[in-house]
Amino acid sequence: MTNKRFYHIGFGQEDLGKSPPEIALLSGDRDRTRLIAENYLQDVRLLSQNRGLDSYLGYLPNHRPILSTTSGMGAPSLSIVVNELVQVGIRRIIRIGTCGSIQPDVPVGSIVISSAALCRQGAANDIAPIEYPAAADPFLTVALVKAAQELKFEHYLGITASVDTFYEGQERIDSANPYVMRSLRGITEEYRRLNILNYEMECGTLFKMAGVYQFAAAAVCGVVAQRTVDEGIVLEQKDVAIENAIATAIHAVTHYCV
């Protein structure tokens with residue numbers, strides 16, 4: 001196992017050194033993976049750039065090793081990366097992503113910390129039954145909340161809707177396919193009334209994998225769209241939302257993950 005380099009992530013246990021990390025920060029966007037490594041970590045080393053999945057080994061301000069890794073867009077890609085990360089020894093994963101708010105009081109520019117997910121994802125169904133809970137690790141989640149409080153970021157804790165598609169699955173009609181199937185019409189309002197905070201596309205599968213594989217998982221996402229107002233991304237506030245999500249995760253793992 002120690003000499004094996006995994007096909008998708010492009011590295012193995014032997015590439016992680018004598019003090020291998022057990023925490024990974026997981027981003028869908030490879031540019032965010034690099035941003036985290038270059039701006040928030042120390043003594044950074046590029047582990048791999050493979051199949052659009054970049055991974056960096058670096059150190060927190062407290063000298064603890066950590067990975068910044070790309071999951072790719074959507075749950076199927078994430079499921080592959082997470083499976084291989086667990087095989088190289090990762091035991092805690094925090095997803096740092098973006099999301100769209102479906103509640104009027106959760107504004108663009110804030111962050112959402114997911115306590116659990118309504119999981120409408122095919123990849124997750126290959127890992128556990130549909131009834132299997134998609135719950136975040138409570139200790140990692142509390143660490144994220146404490147970090148956001150201390151950094152004085154506007155943040156919200158609650159349930160996330162994790163779905164497989166950005167357009168139809170999130171009831172967007174401004175797309176190449178303006179037809180939304182009957183089963184999905186009104187789904188956003190239904191989720192809103194169920195007190196779900198946001199849409200995103202990965203953390204439900206991540207949480208189910210954590211339960212089955214026995215590692216700890218949490219998620220913090222910057223809010224980049226307000227679906228009670230418009231379908232589009234608010235680019236003017238995207239960078240702030242993402243940087244606040246990153247800073248929250250870094251503060252949490254530095255100060256509250258023993």
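Which residues is His8 in contact with, leaving aside its neighbours within four places in sequence? They are Asn50, Arg51, Leu53, Ile80 and Glu84. Contact means heavy atoms within 4.5 Å. This is a predicted model, in which local features need pLDDT of at least 70 and side-chain atom pairs count only at pLDDT 80 or more, while totals for chains, interfaces and linings use all residues. Residues are numbered from 1 along each chain as its sequence is written, and side-chain values use heavy atoms, with hydrogens and water left out.

**Start of the chain**

- His8 sits in the segment before strand 1. Helices (H or I, at least four residues) and strands (E, at least two) are DSSP runs, numbered from the N terminus.
- His8 and Ile80 are 72 residues apart along the chain, yet their C-alpha atoms are separated by 7.4 Å.

**The largest pocket**

- The largest pocket holds about 610 Å³ of space. On a 1 Å grid over the protein atoms alone, a pocket is an open set of points where a 1.4 Å probe fits, with protein on both sides within 12 Å along at least five of seven lines. Grid points are joined across faces, edges and corners, and the volume is the space filled by probe spheres set on the points.
- Its lining has 26 residues, and Asp29, Arg32, Thr98, Val224 and Lys238 lie nearest the centre. A lining residue has an atom within 4 Å of a point.
- Helix 1 (30-40), strand 5 (92-101), strand 8 (196-200), strand 9 (216-226) and helix 7 (235-255) each give two or more residues to this lining.
- The lining divides into 11 nonpolar, five polar and 10 charged residues. Ala, Val, Leu, Ile, Met, Phe, Trp, Tyr, Cys and Pro count as nonpolar, Asp, Glu, Lys and Arg as charged, and the others, Gly among them, as polar.

**Nonpolar cores**

- The largest nonpolar core has 31 residues, of which Leu67, Val82, Leu85, Ile93, Phe207 and Phe215 touch the most other members. Such a core is a set of buried Ala, Val, Leu, Ile, Met, Phe, Trp, Tyr and Cys residues joined through side-chain atoms within 4.5 Å.
- Buried means under 20% relative accessible area (1.4 Å probe, protein chains only).
- Among the elements giving two or more residues to this core are helix 2 (75-87) and helix 6 (203-213).
- Another core, of 30 residues, lies apart from it and includes Ile23, Ile66, Ile111 and Ala252.
- Beyond its neighbours within four places in sequence, Val82 is in contact with Leu26, Ile93, Leu206, Met209 and Phe215.

**Helix 6 and the cysteines**

- Eight of the 11 residues of helix 6 are buried, so this helix is largely enclosed by the rest of the structure.
- Cys203 lies in helix 6. Cys203 counts as buried, at 0% relative accessibility.
- The whole structure has zero disulfides. A disulfide is a pair of cysteine sulfur atoms within 2.5 Å.
- For Cys203, the nearest cysteine sulfur is that of Cys221, 6.2 Å away.
- The sulfur of Cys221 is 4.9 Å from its closest cysteine sulfur, in Cys99, so it is too far for a bond. Cys221 is also buried, at 0% relative accessibility.
- Gln214 follows helix 6 and has a positive phi, near 65 degrees.

**Thr69**

- Thr69 lies in strand 4 (residues 65-70). Thr69 is buried, with a relative accessible area of 1%.
- Leaving aside neighbours within four places in sequence, the contacts of Thr69 include Leu25, Thr33, Asp54 and Val81.

Notes
Buried means under 20% relative accessible area, exposed over 50%, partly exposed in between (1.4 Å probe, protein chains only).
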